[in-house]
Amino acid sequence: MAGDTRTDRLDLLLGQFDQAREMAGVRLKGLGDEEFLWEPVAGSWSVRRRSEASTPRAYGPGEWVLDQGAPDIPANEYAEVARQAAGGMTVSGIADDWSVSVERVEQVLAHTGEPEPDDTPVTTIAWRLGHLHSCLAGQWEWTFGERRQDPKLLVDFTPSASVALDRFWAVTGRWRDSVAAVTEEQLDTVGFSQYPYGSDPDDPFVSVLAGANLEFIHHMAEISLLRDLWRGRFSASG
């Protein structure tokens, strides 16, 4: 019944996360290893053996690592940088967030000409799921955990779709359970999350939660599109 619906901040965010997680679970049913690792274009970012990694900052604690390129701000993220600056983040803080120089951030903020080519890499389902897994594992460790382990060493990446999904759902469940116990005071606490690869230490936790939901939703939407492309990859063009 409508009268039983909770509308406080935490319940709204939990409800959004639950619905997105349920939809993602349906969309990911039947995912096999070949589709998991399918590269839509040559040179897509993916999960690779450490000895075969070609990106300069590929990371992970084991044999399999997640591709990551040299630090920069892709053209499609210029609006996000402008949002960060408008929200009060300092140029040096933004530079730390993106692992780039202050000069690079200033160039992006001063950019007023024609849009630059989008250099965002094409990725596999394995990469998208691994990236999201890494983010959630890191945010849990630096919010509810001991706040000491490097987020890049928390996820043992794998080429197995079923293993990756089992581990991923376990992490999302742990995140959800911990978030459900957060108090109103903690929601408003700046720096309640100390996750080092982002603006979490400078934000109230309610904003961190909203951002984590968006991250989950947009990566799952991209994975859903990749599944559609996989299914139609042999269809004749119109």
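**Around one tryptophan**

Author: Trp-175 counts as buried because its relative accessibility is 3%, where buried means under 20% relative accessible area with a 1.4 Å probe and protein chains only. The model is predicted, so local features need pLDDT of at least 70 and side-chain atom pairs 80 or more, while totals for chains, interfaces and linings use all residues. Residues are numbered from 1 along each chain as its sequence is written, and side-chain values use heavy atoms, without hydrogens or water.

Trp-175 is one of the residues that line the second largest cavity, together with Leu-13, Leu-14, Phe-17, Arg-176, Val-179, Leu-209 and Asn-213. Two or more of the lining residues come from each of α1 (9-27), α7 and α9 (205-231); helices are DSSP runs of H or I with at least four residues, strands are runs of E with at least two, and both are numbered from the N terminus. A cavity is a set of points on a 1 Å grid over the protein atoms alone where a 1.4 Å probe fits but cannot get out, and lining residues have an atom within 4 Å of a point. The second largest cavity holds about 50 Å³, a volume being the space filled by probe spheres set on the points, which are joined across faces, edges and corners. Its lining has six nonpolar residues, one polar and one charged. Ala, Val, Leu, Ile, Met, Phe, Trp, Tyr, Cys and Pro count as nonpolar, Asp, Glu, Lys and Arg as charged, and the others, Gly among them, as polar.

Next come the rings. The whole structure has twelve aromatic pairs, meaning rings of Phe, Tyr or Trp (its six-membered ring) with centres within 6.5 Å; planes under 30 degrees apart are stacked, over 60 edge-to-face and the rest tilted. Trp-38 and Trp-230 make an edge-to-face pair, 5.6 Å centre to centre with 65° between the planes. Trp-38 lies in the loop between α2 (33-36) and β1 (47-49) and Trp-230 in helix α9, so this pair ties together parts 192 residues apart in sequence. Trp-230, at 13% relative accessibility, is buried.

Trp-175 pairs with Phe-205: the ring centres are 6.5 Å apart and the planes at 65°, so this pair is edge-to-face. It links helix α7, which holds Trp-175, to helix α9, which holds Phe-205, across 30 residues. Phe-205 is buried, at 0% relative accessibility.

Definitions and conventions. 1 Å grid on protein atoms, 1.4 Å probe; cavity = no way out; pocket = protein on both sides within 12 Å on 5 of 7 lines; lining within 4 Å. Buried < 20%, exposed > 50% of the residue type's maximum accessible area, 1.4 Å probe, protein only.
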